[in-house]
Amino acid sequence: MRATQGVILRPIGIIHSPFQRALGTPIQPVFAEETEGRVDLFPEFVPGLDDLEGFERIWLLYWFDRVGEVRLRITPYRDKSPRGLFATRAPARPNPIGLSCVRLLRRQEEGTLVVAGIDVLDGTPLLDIKPYVPEFDAFPNSRAGWHDAAIDRRTEADDRFHRSKS
């Protein structure tokens with residue numbers, strides 16, 4: 001199989017949250033349980049929101065637009081040892097795509113979703129939305145590699161992976 005050349009991603013909207021910088025931002029949606037945010041879709045994508053209201057949770061896929069350089073060995077937020085990037089959820093990736101499973105509280109106005117459990121920086125470009133389906137997306141007895149034994153129980157980010165928004 002040949003690698004796709006010239007992959008082009010275009011944002012479908014913008015994610016809004018109370019978080020202006022990485023420092024202090026929850027590192028996963030589970031640590032932002034009650035934090036509300038807003039997802040604003042660009043007008044041409046609004047019809048794609050039809051029928052989403054029946055889902056309790058949705059996946060947000062977004063572009064880490066303020067992440068620093070790519071690092072293939074990093075020390076993740078919840079560990080003290082360097083790890084391979086692909087064994088972590090760190091944002092310093094070759095393709096800085098983020099993934100968060102948030103609670104869909106309501107659809108408001110034409111192209112706005114109000115969500116809870118948001119762990120994303122304000123103004124982050126949204127790439128896609130997918131419904132969370134427990135039958136397909138939950139594997140509660142799965143092993144989690146080094147994370148199963150992690151000692152650090154950090155719940156908020158520091159600035160180790162991000163740069164300021166220009």
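**Entry 1: the overall layout**

I read along the sequence and found that the protein chain follows the pattern β-β-β-β-β-β-β-β-α. That makes one helix and eight strands in the protein chain; helices (H or I, at least four residues) and strands (E, at least two) are DSSP runs, numbered from the N terminus. I noted that this is a predicted model, where local features need pLDDT of at least 70, side-chain atom pairs count only at pLDDT 80 or more, and totals for chains, interfaces and linings use all residues. Residues are numbered from 1 along each chain as its sequence is written, and side-chain values use heavy atoms, with hydrogens and water left out.

**Entry 2: extent and burial**

I looked up the box that holds the C-alpha atoms of the protein chain, and it is roughly 45 × 40 × 35 Å along the principal axes. Of the 166 residues, 40% count as buried, where buried means under 20% relative accessible area, exposed over 50%, and partly exposed in between (1.4 Å probe, protein chains only). I also checked contacts (heavy atoms within 4.5 Å). Among those in the protein chain with a separation of 6 or more, 81% join residues 24 or more positions apart.

**Entry 3: the core**

Which residues touch the most other members of the largest nonpolar core? I found Ile58, Leu60, Leu113 and Ile129, out of 30 residues in this core. Two or more residues come from each of strand E2 (36–41), strand E3 (57–63), strand E6 (97–108), strand E7 (112–116) and strand E8 (124–131). E3 gives the most, with three residues. For the term itself, a nonpolar core is a set of buried Ala, Val, Leu, Ile, Met, Phe, Trp, Tyr and Cys residues joined through side-chain atoms within 4.5 Å.

I then followed Leu60. Leaving aside its neighbours within four places in sequence, Leu60 is in contact with residues including Ile15, Val39, Leu99, Val102, Ile118, Leu126 and Ile129.

**Entry 4: two positive phi values**

Most residues other than glycine have a negative phi, and most peptide bonds are trans. Here I looked for exceptions in phi. Asp51, which is not a glycine, has a positive phi of about 75 degrees. Asp51 is found in the loop between E2 and E3 and is exposed, with a relative accessible area of 66%.

Where does Glu109 lie? I located Glu109 in the loop between E6 and E7. Its phi is positive too, near 55 degrees, and Glu109 is exposed at a relative accessible area of 63%.
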